[in-house]
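Please open the model in your viewer and keep the selection tool at hand. The stops below say what to select next and what is found there.

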Amino acid sequence: MRMIVCIKQVPAAASASIDPLTKTIVRTGQKAVTNPFDLHALQLALDLRQQTGGTITGITMGLPAAAAALRDGISRGMDGGVLLSDRTFAGADTLATSYALSRGIEKLGGADLILCGRMATDGDTAQIGPELAQQLGLPHVSDVCQVLEIAEDHLVVRRVWDELEQVLHLPLPAVITVVKSSRTPALPTLSGMLRAKDAVIPVWTAADVGADPERCGLRGSPTQVVRTFAPQARRQAQVLGGDVGTQAQALAQLCREVLREQD
Amino acid sequence: MCETQLIRPLTGGDAEYLRDESKQTGHAVSISFPETEAQVRQVMEETARQGLAVTLQGSRTGLAAAAVPFGGHVLNLSRMDKICGMRQEGERFFVTLQPGVILQKLNRAIAARQMDTTGWSEQSLAAYAAFCRAPAQMFTPDPTESTASIGGMVSCNASGARSYRYGAARSHVTAVRGVLADGDTLSLRRGQVFAKGYDLTVTTDGGRIISVRLPQYCMPNCKNASGYYCAPDMDALDLLIGSDGTLLAITEIEIALLPAPAVTWGVTCFFETQQQAVTYTHGVRQLPQQPAAIEYFDPESLNVLRRQKAQHTAFAALPDMDDAYGCAVYTELHCDTEAQAYDLLAQLQRCAETSGGSGHHSWVACSDSDRDLLYFFRHAVPESVNMQVERYKQHHPGITKTAADIAVPDGCFEDMLALYDGALEQAGLQHAAWGHIGDNHIHVNILPRDPAELDAGRALVAQWAAQASAMGGAVSAEHGVGKLKAPLLELMYGKEQVQAMAAVKAAFDPGWRLGRGNLFPTEKEVPVCE
């Protein structure tokens with residue numbers, strides 16, 4: 001099975017900051033890590049490769065430094081990786097990012113299965129996977145926690161939402177997004193680290209992947225970040241008195257008021 | 001605070017102050033929690049008037065029962081927890097602190113460069129400003145229990161994994177000040193007072209001259225926390241470090257910081273057999289660049305973790321281990337550059353392959369989250385063993401874990417390992433061993449399932465202590481002697497030398513009040529197991 005894992009380099013939790021002018025995340029000079037959700041997607045790919053054989057290629061879009069995330073993936077068992085890096089890609093929202101990734105994946109010759117982490121910890125949108133499937137014209141299932149069956153032309157996957165569990169039949173090729181599982185993703189190995197260090201990571205520009213500049217980066221991004229701010233926490237405690245019935249009525253009244261405020 | 005408030009009778013609510021992590025329980029009549037050196041002096045003077053023995057306590061994380069009282073008064077120093085100042089000498093920084101400062105808090109303050117500087121001198125503030133601008137610093141002693149107090153660490157010359165490269169607490173303590181049993185104070189700074197041969201004289205702040213003839217035993221040529229440090233022409237400060245709360249109550253310590261490495265990577269290599277792990281360790285020790293730590297996990301340690309991971313959700317995050325993995329060696333690399341670290345990785349891979357292992361059967365942690373995972377792995381072993389012992393205690397409340405803290409000189413480790421294996425196999429005791437293989441020092445833990453196995457385990461530890469002593473090893477390499485290992489000291493040094501050690505104590509503490517039962521066994525009063 002030929003698999004592609006989409007990987008993103010994100011700021012380490014302790015070092016994330018927002019540029020006050022552009023309202024975007026400051027990435028230069030910050031400690032960066034591989035998006036934790038993507039490590040779970042990679043782990044699932046590694047498990048599938050163990051069952052069926054095949055290859056796992058990582059793809060990412062970002063600054064040249066983002067190649068480190070691909071090397072991290074290789075050190076954990078990925079076969080190789082490709083970096084999309086070009087000023088044309090800069091400032092991309094999820095639509096422009098998924099477009100660029102789709103062009104890169106097509107240049108790679110496509111795959112039987114494309115895996116993404118459920119979301120990235122810096123953007124929290126969970127949009128890339130579904131948008132990528134749309135860009136590539138492939139079926140997709142989001143929030144996969146387990147692959148129950150794997151065949152040449154389909155997968156049977158399980159996904160779990162808050163109160164809902166679904167078992168879905170998914171024809172291949174397809175895109176899935178993967179949630180964090182209780183299983184800890186594989187750590188890098190000595191041999192993986194040394195292979196990753198020497199791995200050649202191709203760097204592709206927008207022109208290399210035949211991307212339309214109008215659909216890339218800031219120009220191709222309909223999302224406008226108007227303002228980024230830390231939410232003001234509002235906490236107000238009120239003790240309801242009386243018997244249970246009175247308390248319930250008072251609580252219902254408070255709920256109505258809060259809902260009216262939100263409308 | 002008046003005396004009556006400072007010293008109060010021990011009540012039922014103080015039960016926790018009668019025990020420490022050794023799981024032994026003692027008894028006492030009164031307790032105090034001084035916050036200043038003046039209050040420590042008050043306590044010493046008042047208890048001297050009452051003729052009470054005084055047991056010193058920090059955060060009670062010790063494993064040798066040094067903080068468990070044998071009657072008398074408990075002087076708990078945990079509220080003396082301030083970082084008092086800083087000093088700069090060239091590019092090096094030195095921190096002065098009270099004994100109750102917790103290691104974890106100290107490390108966080110150093111890493112974040114956030115210290116409460118209230119009341120600091122101008123000189124300290126200037127050094128602190130330079131420290132905040134300087135490259136990152138660290139305090140290297142890292143005992144497993146990060147809630148240990150610095151005073152406790154100095155008292156038992158604690159070390160931890162990174163002592164392989166950086167040495168134990170002694171190497172990083174540059175001054176100690178404390179209160180003697182009579183209330184007088186003594187300050188010693190490294191490089192200022194030395195013994196003349198084996199004759200050592202120190203002068204207290206009150207003008208009392210303490211002259212001692214140091215014991216003339218040969219210090220073991222390995223990691224050691226067994227009794228007083230004694231050597232010809234030694235620095236007087238080294239006598240106080242590792243004195244197990246028997247000479248004075250430490251009230252102020254100065255520690256030296258080191259520049260933190262730019263790159264810290266952890267590497268765990270798995271092997272099928274113990275012999276492969278030992279061969280790998282030999283190879284790693286020969287590398288031109290010394291790792292910070294080399295730690296071992298025996299087959300039973302890995303099995304304990306496998307069981308914990310399967311049975312307890314709290315351990316579910318442990319990484320999966322192949323069933324073929326028999327044991328593991330963890331190596332921590334501290335490097336200036338990533339290129340240097342990669343070079344070391346290549347050398348570790350070669351060591352693994354020539355030892356019968358493989359670069360594929362390994363974990364490497366470069367990121368904070370992966371390092372945390374390996375840290376969790378390392379600490380889950382003792383935690384899991386403790387949980388197992390707790391389960392056995394439900395059936396036999398009197399039992400407790402029995403562990404060896406023995407180190408031997410280079411060239412003797414494999415012999416010692418063979419003695420451990422042979423005895424354990426013959427005794428049929430449940431056990432797990434892990435620890436500082438780079439220092440020829442592993443902790444063999446026996447998990448007794450009933451009182452008979454507890455006795456058998458204790459007998460084995462005593463037997464190993466004698467065998468290690470015959471090899472020139474140490475009966476306690478890092479936990480200190482306290483009360484639990486006190487009977488082993490004679491095996492190591494001989495009766496005459498222990499008596500010479502007792503004479504040193506008597507010179508500092510003529511009333512024999514401090515740390516009664518530590519280092520020197522007291523037959524009359526024995527702590528009881530919980």
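A contact here means heavy atoms within 4.5 Å. With that in mind, select Ile150(B), which touches Leu97(B), Pro99(B), Val101(B), Leu103(B), Leu106(B), Phe139(B), Ile253(B) and Ile255(B), when residues up to four places away in sequence are not counted.

Before going further, note that this is a predicted model, in which local features need pLDDT of at least 70 and side-chain atom pairs count only at pLDDT 80 or more, while totals for chains, interfaces and linings use all residues. Residues are numbered from 1 along each chain as its sequence is written, chains are lettered from A and ligands numbered from 1 in the order in which they are written, and side-chain values use heavy atoms, with hydrogens and water left out.

**Chain A and its cysteines**

Now colour chain A, which has six helices and eleven strands, and of whose 263 residues 43% count as buried. Is Cys6(A) buried or exposed? At 6% relative accessibility, Cys6(A) is buried, whereas Cys255(A), at 42%, is partly exposed. The closest cysteine sulfur to that of Cys6(A) belongs to Cys116(A) and lies 3.8 Å away, too far for a bond, because a disulfide is taken as a pair of cysteine sulfur atoms within 2.5 Å. By this rule there are zero disulfides over all chains.

**The second largest pocket**

Select Gln43(A), Gln50(A), Arg76(A), Ala186(A) and Thr189(A), which are the closest to the centre of the second largest pocket among the 27 residues that line it. On a 1 Å grid over the protein atoms alone, a pocket is an open set of points with protein on both sides within 12 Å along at least five of seven lines, a cavity is a set of points where a 1.4 Å probe fits but cannot get out, and lining residues have an atom within 4 Å of a point. About 710 Å³ of space lies in this pocket, a volume being the space filled by probe spheres set on grid points joined across faces, edges and corners. H1(A) supplies the largest share of the lining, five residues.

**The cavity in chain B**

Which residues line the largest cavity? Select Val278(B), Thr281(B), His282(B), Arg285(B), Phe413(B), Ile437(B) and Asn440(B). The largest share of this lining, four residues, comes from helix H8 of chain B, residues 274-285, and the cavity holds about 50 Å³ of space.

**Last stop**

Finally, go to Ala310(B), placed in helix H9 (residues 299-311) of chain B and exposed, with a relative accessible area of 70%. Its C-alpha atom is separated by 43 Å from that of Pro135(B), 175 residues apart along the chain.

Conventions. Helices (H or I, at least four residues) and strands (E, at least two) are DSSP runs, numbered from the N terminus. Buried means under 20% relative accessible area, exposed over 50%, partly exposed in between (1.4 Å probe, protein chains only).
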